[in-house]
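I opened this entry to look up a few spots in the model. My notes are below.

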Amino acid sequence: MCGIIGYVGAEHGDDALEVLLDGLSQLEYRGYDSAGIALADGGINVHKCQGELSALKSALPMERLGGEKIGIGHTRWSTHGPPSDANSHPHTDMDEQVAVVHNGIIENYQQLRDDLTDAGVEFQSDTDTEVVPHLIAHYRDEGLDYEAAFRTAINRLEGSYAIAAVFDGIEAVYAVRNESPLVLGIADDGYFLGSDVPAFIKYTDQVIYLEDGQFARLTPTELVVTGENGRTIETSIETINWDPEDAGKSGYDHYMLKEINEQPTALRECFRGRLDELTGRIELSELGALKPDGMVTFVACGTSYHAAMVGTRLLQERGVPAQAFLASEFDSDAVPIDSESVVVGVTQSGETADTMRALREANSVGATTVAVTNVVGSSAARETDEVLYIRAGPEISVAATKTFASQQAALTLLATVFSDQYSRKLVQELRAVPDQIQSVLDTSSAREVAETYHGSDAYFFIGRGYHYPVALEGALKMKEITYTHAEGFAAGELKHGPLALVSEDTPIFAIVTGDGRLAEKTISNVKEVEARGTPVVAVTDGESNVERYADHVLKVPASSAVTSSIVANVQLQLVAYWTANEFGRSIDKPRNLAKSVTVE
């Protein structure tokens, strides 16, 4: 969601304006509709506007800025109030003595706003955030010092938030988090804070992850973390093993295309040290001796939910009871989980609000919780009993690509370990996947297919078994970045309603691999649509005769159903990418979407 950057430089530190603008550019992937900064040096200097970061840069009076060492910045993703200059962050009190940026939702803001209005406060925006600087100013007027006023105001808030504030008259940034991510950075010549590590990875790889209820005070000479009681907390400093270049485009036109092409490397990293081809064993030392005694419940959202569906089927086929829930639909009162249960949260960022709520519910009843995530030190990684990292590296494009492949792979490993059913054949097949994906990347005709069906009324995707979640994911990618209607279906469900939608202007992408029972049944579904004049694009390994009924073919190497689904998905990612490219869409930052959804 919203992106936050903050900086306090030492005497010889970097220029705050440069740091803030660079940090905001690194946070654009989170999705936003406006941007702003507040510089604190002999007063509070706020600049903000609706639109992209380039609009903010154009609006800055650069000849009058520079040299400041303290500031905060923000990219907003609208929740309360539409995108506008007034609703952009930072927000200030009426006397512009304090400026605040905020990620999250303040649930009791209306009552606070009414109280402040009755006390004579005049609001300038429709946001929930604006109550915060006015509350802080209120307590300053009552005689509290800066930090006490900040703490007292925060104590009145209900909801989720990561908040940073600067004051006129003091060289410091104050920050706090509650159920919304905030990470601190430590460099030789200054201190940083951000919603995510990419905000300041260019300057330092030394970080501290704030926990819920923790406050931070950043000054030119020190960084202090305290608890709700005000006492200093000893924190651990972690080293991030990302190279700043990892977050660049490396010559590609878009991050999404770069990340599609990084999938072979991401999967090799996911498998590193975990596969033993000689014995057929899979080792996940992170999980210790964890083995489920009963039902395994997956909770996830969006792309991660599609991966969770794969994990569910993997376990079910191995005789382990499993189920998957959209995290937003998960309710521990309705879903029977207890201290004997294992609940697995699949979340790329480790901060997804709905998934975190579900994991916290599971923790509250004593269930064993496992996070399958990409981000070291994320909330999911810290708040669960065990964590399995997918090791995909930084993913900047809003549309998930390499992290979906890595989630599929990681859940294949997890299902094997949980079921205690090992196979040299499976290990060999997994090891082959990176090269198979590289083959697809080198030979794909997805661009030709995208050009052929550009401007279609809708796009439909069908598959069975492990290919059903891939069909859902293919449709999601098409929707996310092309803004055209797309739907994924279990192939057998076409005749139960969706067949009424097909026409010569609605191409169907059918994922068919192998020549077994599921392939035969999917081919029957292909014949149904082909007989109605609907164009068919077959994603296939050539083992069946589906090509006879297809207008176009996207080839994948022959493999098992499990691993072929990972590879087949790459063809659909490429189709979505090139279709969006034909439309000239904002591929890396699709409208209305955010990379990490940190509000429910």
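I am working from a predicted model. Six strands make an open sheet, ordered 5-6-7-8-12-13, with antiparallel pairing. Strand 5 (91-92) and strand 13 (223-226) are the edge strands, each pairing on one side only. I then checked how strand 5 is held to its partner. Two bridges join strand 5 to strand 6 (residues 98-106), and the two run antiparallel. Thr92 stands opposite Ala99 in strand 6. Helix 4 (residues 131-141) packs on this sheet and touches strand 5, strand 6 and strand 7 (159-167). The direction of helix 4 makes about 130° with that of strand 6.

**Arg217.** I went to strand 12 (residues 215-218), where Arg217 lies. Which side chains make polar contacts with Arg217? Glu147 does, at 2.9 Å. Glu222 does too, at 3.4 Å. Beyond four places in sequence, Arg217 also touches other residues, including Val173, Tyr174, Leu223 and Val224.

**Arg391.** I found Arg391 in the loop between strand 21 (386-389) and helix 11 (402-419). Leaving out residues up to four places away in sequence, the contacts of Arg391 include Ala266, Cys270, Arg272, Arg274, Glu286 and Asn374. I also noted a distance to Leu430, 39 residues away along the chain: the C-alpha atoms of Arg391 and Leu430 are 16 Å apart.

Conventions. Residues are numbered from 1 along each chain as its sequence is written. This is a predicted model: local features need pLDDT of at least 70, side-chain atom pairs count only at pLDDT 80 or more; totals for chains, interfaces and linings use all residues. Side-chain values use heavy atoms; hydrogens and water are left out. Two strands pair if DSSP finds at least two bridges between them. Helices (H or I, at least four residues) and strands (E, at least two) are DSSP runs, numbered from the N terminus. Contact means heavy atoms within 4.5 Å. Axes are lines fitted to C-alpha atoms, for helices over the stretch in contact, and angles run from 0 to 180 degrees between N-to-C directions. A polar contact is a pair of N or O atoms within 3.5 Å; within protein, one must be able to donate a hydrogen and the other to accept it, and residues adjacent in sequence count only if both atoms are side-chain atoms.
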